[in-house]
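Have the structure open as you read.

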Amino acid sequence: MKLVIEASEAVALGAKLSRVKVCPMYPITPSTHIPERISDYIFDGEMDAEMIHVESEHSAASAMIGSILTGSRSFTATSSNGFELMYEILPILSGMRLPAVMAIANRAVAAPINIWNDHSDSMSARDQGWIQLYVESSQECVDTIIQCYKIAEDKKVLLPAMMCLDGFTLTHVFENVDLPAQKKVDSFLPSFKIEDKLDVKNPKTFGPIGFPDSFMELKKQQQDSMLNALEVIEKANKDYAKEFGRSYGDGLVELFEMADAEYAILALGTICGTAKAKARDLRSRGKKVGVIKLRCFRPFPVESLRKAAKSLKGLAVLDRHISLGAEGPVFTEINSTLPKIKVFGYIAGLGGRDVTLDHIEGVFKDLEKGKQSREWLL
Amino acid sequence: MVLKEVRFHGRGGQGAVTSSQVLAVAAFHDGKFTQAFPNFGVERTGAPIESYTRIDDGPIDVRQHVYNPDYVIILDPSLMADLDMTKGLEKGGLVIVNSNKTPKELGLGKFNTKCIDITKVALDVIGKPFVNIAALGAFASLSGEVSLKALDKAIDERFAAKGKIAALNKEACKVVFNKCEEVK
């Protein structure tokens with residue numbers, strides 16, 4: 001069904017279509033419309049799920065441990081410092097191999113207090129063992145939430161996944177969405193089954209201590225599963241395309257006008273849309289430019305990136321976060337992945353600063369000149 | 001059709017964000033692709049609010065704010081004392097103002113400006129100064145970018161759960177539309 005809805009509603013509908021059973025929620029701007037919509041669906045009897053009004057984000061994440069262990073597909077959403085309050089529980093969900101799915105409405109982390117978009121919340125959690133997918137549009141929101149469950153619950157993966165969407169810049173945008181039919185989603189995403197679950201008749205301990213003689217093996221298993229996730233994400237993208245007619249590159253990176261591109265911009269989320277619009281404009285003036293959208297940041301898709309960038313003369317990475325004292329984290333990783341290509345790193349769009357067509361044009365000019373004029377797109 | 005951009009100016013609580021969203025849904029009913037989004041500052045009643053709608057025949061990629069609108073819709077001209085509402089307006093772009101004054105009196109004589117007393121229509125039809133939806137009637141008539149039929153549908157959907165509000169807003173929208181057809 002085609003309609004115009006807010007991206008936050010697209011996220012909520014993604015959870016509803018995935019037949020989520022438990023939603024422990026603690027609203028925070030700009031993620032708030034997501035629990036609001038889910039609350040509506042439950043109240044109106046359209047969604048058969050339990051909304052738990054928890055007392056903090058820490059509890060929201062903790063409640064998911066329990067709910068998933070009873071075999072219930074679970075979902076939550078958060079932003080910024082609320083997300084940071086979940087921090088203690090993030091590696092517990094991943095270490096216990098629980099396929100939670102969470103939407104992060106990306107927002108700058110205080111101080112100073114700022115409700116607007118950047119990636120400082122989710123980027124700071126890149127080592128917590130969660131799959132991270134960054135999306136660009138409302139359509140991609142609904143499609144990706146459904147795919148997240150497919151990926152996270154795959155036996156080769158069994159890891160939690162977060163879908164990151166830009167706060168306000170995407171969460172509050174109304175736009176065209178083609179909503180998948182429930183019946184088709186049901187056949188794409190079978191109901192959730194957990195092998196070992198909480199059961200009063202058969203009590204077990206979950207998440208016990210891991211001694212030095214087993215801890216490293218368990219971490220290696222997590223790493224192996226993360227790397228397995230690369231092909232599972234690709235397959236989910238391909239299978240989704242078969243069922244619903246839409247795909248996002250190979251699921252890991254999405255390429256725009258890259259076939260003969262000499263220069264490209266690599267970014268995450270909504271910046272990619274503006275970069276595509278500018279690349280189209282520059283192409284009409286004869287410039288061979290393209291855009292690489294890094295959809296999957298964890299696991300890091302080294303092979304897809306090497307393939308995408310192999311004939312480039314120059315690449316610019318736009319980070320919506322800075323690892324203070326170092327550089328943009330995406331830039332760092334791209335640089336080490338593509339040692340033969342000249343890569344410029346830019347810090348852009350922190351705390352809601354608009355990333356404009358002019359910014360993008362300036363970056364393409366830098367690439368063409370072979371000289372980076374600045375590092376901060378102020 | 002090339003991408004068209006609309007910027008709404010209003011005060012917090014006046015419904016400029018809703019205007020931009022209802023317009024987006026209406027454009028969708030006309031078969032278009034759209035985007036509507038607010039430029040949120042600190043959300044207080046009475047504070048200046050900007051909201052945007054983009055309309056195109058195909059999918060819209062760009063995500064920057066609207067800097068060079070083809071259309072500016074001013075719901076509350078008293079904001080003009082402090083804000084440059086024609087900033088970045090495309091050459092030949094249209095300014096629609098809710099006012100009983102003339103463009104010249106408002107200092108907008110050099111722009112393609114149309115003044116319509118939407119507040120009066122809203123008071124007559126709705127009984128309250130709700131101008132945000134009625135203003136879309138002016139936009140439909142003066143721009144031709146969206147049909148009145150599609151607006152009616154979008155208004156019905158938006159206010160489905162609010163009793164008479166949908167009917168009253170549709171009526172106000174139509175009255176403003178017809179007024180604009182006369183002065184066009």
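## Starting at an edge strand

S4(A) runs parallel to strand S5 (residues 101-106) of chain A, and four bridges join the two. Strands here are DSSP runs (E, at least two residues; helices are H or I, at least four), numbered from the N terminus, and two strands pair if DSSP finds at least two bridges between them. Across from Thr76(A) you will find Met102(A) in S5(A).

Phe75(A) and Ala77(A) point one way from S4(A), Thr76(A) and Thr78(A) point the other way, and all are buried. Buried means that 20 or more other C-beta atoms, placed from the backbone, lie within 10 Å of a residue's own.

This is a predicted model: local features need pLDDT of at least 70 and side-chain atom pairs 80 or more, while totals for chains, interfaces and linings use all residues. Residues are numbered from 1 along each chain as its sequence is written, with chains lettered from A and ligands numbered from 1 in the order written.

## The whole sheet

The sheet is open, with five strands in the order S4-S5-S7-S6-S12 (chain A) and mixed pairing. Strands S4 (75-78) and S12 (296-298) of chain A each have a single partner strand, so one side of each lacks a neighbour in the sheet.

Strand S6 (residues 131-134) and strand S7 (residues 161-166) of chain A are parallel, over four bridges. Leu133(A) has Met163(A) in S7(A) as its bridge partner.

## The nonpolar core

The largest nonpolar core has 178 residues, and Ala161(A) and Ile96(B) are among those with the most contacts inside it. Such a core joins buried Ala, Val, Leu, Ile, Met, Phe, Trp, Tyr and Cys residues through C-beta atoms within 7 Å. Helix H1 (residues 16-29) of chain B gives the most to this core, with nine residues.

Technical notes: Buried ≥ 20, exposed ≤ 12 C-beta atoms within 10 Å, placed from the backbone.
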